[in-house]
Amino acid sequence: MDEGLVLDLLQKALFNVIMIASPLLLAGLLVGLAVSIFQATTQIQEATLAFVPKILAVFLSLIILAPWLLRKTIEFTLYIFSNINNFVK
């Protein structure tokens with residue numbers, strides 16, 4: 001397995017990790033920002049108020065995006081399995 005193939009595989013793997021994780025992280029970020037603005041305006045400093053909505057947002061986005069996330073994961077897995085003879089050389 002030459003260096004170019006390893007770097008290509010690593011690039012595809014990292015890109016897939018970013019593509020799979022970014023929608024969930026973005027949902028948590030947006031909800032966290034909204035909760036922080038709400039806490040700042042109402043001066044409520046409850047610690048659990050920051051975590052529960054973020055967890056619910058990530059869980060809800062995971063349920064909504066599950067088919068797309070699974071399809072992306074399966075596509076990468078099929079790429080790995082279909083090119084395994086090139087990787088093992």
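Q: Leaving aside neighbours within four places in sequence, which residues is I20 in contact with?
A: The model is predicted, and I20 lies in helix α1, residues 3-42. Contact here requires heavy atoms within 4.5 Å. With its neighbours within four places in sequence set aside, I20 touches L69, K72 and T73.

Q: How far apart in space are I20 and W68, C-alpha to C-alpha?
A: In sequence, 48 residues separate I20 from W68. In space, their C-alpha to C-alpha distance is 8.8 Å.

Q: Is I20 buried, partly exposed or exposed?
A: The relative accessible area of I20 is 25%. Buried would need under 20% and exposed over 50%. I20 therefore counts as partly exposed.

Q: What accessible area do L7, L10 and L14 have together?
A: L10 is found in helix α1 and is partly exposed, with a relative accessible area of 47%. L10 forms a nonpolar patch on the surface with L7 and L14. Together the accessible area of these residues is about 300 Å².

Q: Which geometry does the aromatic pair of Y79 and F87 have?
A: The structure holds two aromatic pairs. In the one formed by Y79 and F87, the rings are 6.3 Å apart centre to centre, with 65 degrees between the planes. Planes over 60 degrees apart count as edge-to-face, so the pair of Y79 and F87 is edge-to-face.

Q: Which residue has its charged end over the ring of Y79?
A: Y79 is partly exposed at 23% relative accessibility, and ring pairs link Y79 with F76 and F87 into a cluster. At 5.3 Å from the centre of the Y79 ring sits the charged end of K12.

Methods:
Residues are numbered from 1 along each chain as its sequence is written. This is a predicted model: local features need pLDDT of at least 70, side-chain atom pairs count only at pLDDT 80 or more; totals for chains, interfaces and linings use all residues. Side-chain values use heavy atoms; hydrogens and water are left out. Helices (H or I, at least four residues) and strands (E, at least two) are DSSP runs, numbered from the N terminus. Buried means under 20% relative accessible area, exposed over 50%, partly exposed in between (1.4 Å probe, protein chains only). Patches are made of residues with over 30% relative accessible area and no salt bridge: like charges are joined within 9 Å, nonpolar side chains (Val, Leu, Ile, Met, Phe, Trp, Tyr) within 5 Å. Accessible areas come from the Shrake-Rupley method with a 1.4 Å probe; for residues, only the protein chains shown count as cover. A salt bridge is a side-chain nitrogen of Lys or Arg within 4 Å of a carboxyl oxygen of Asp or Glu. Rings of Phe, Tyr and Trp (its six-membered ring) pair if their centres lie within 6.5 Å; planes under 30 degrees apart count as stacked, over 60 as edge-to-face and the rest as tilted. A charge sits over a ring if NZ of Lys or CZ of Arg is within 6 Å of the ring centre and within 35 degrees of the ring normal.
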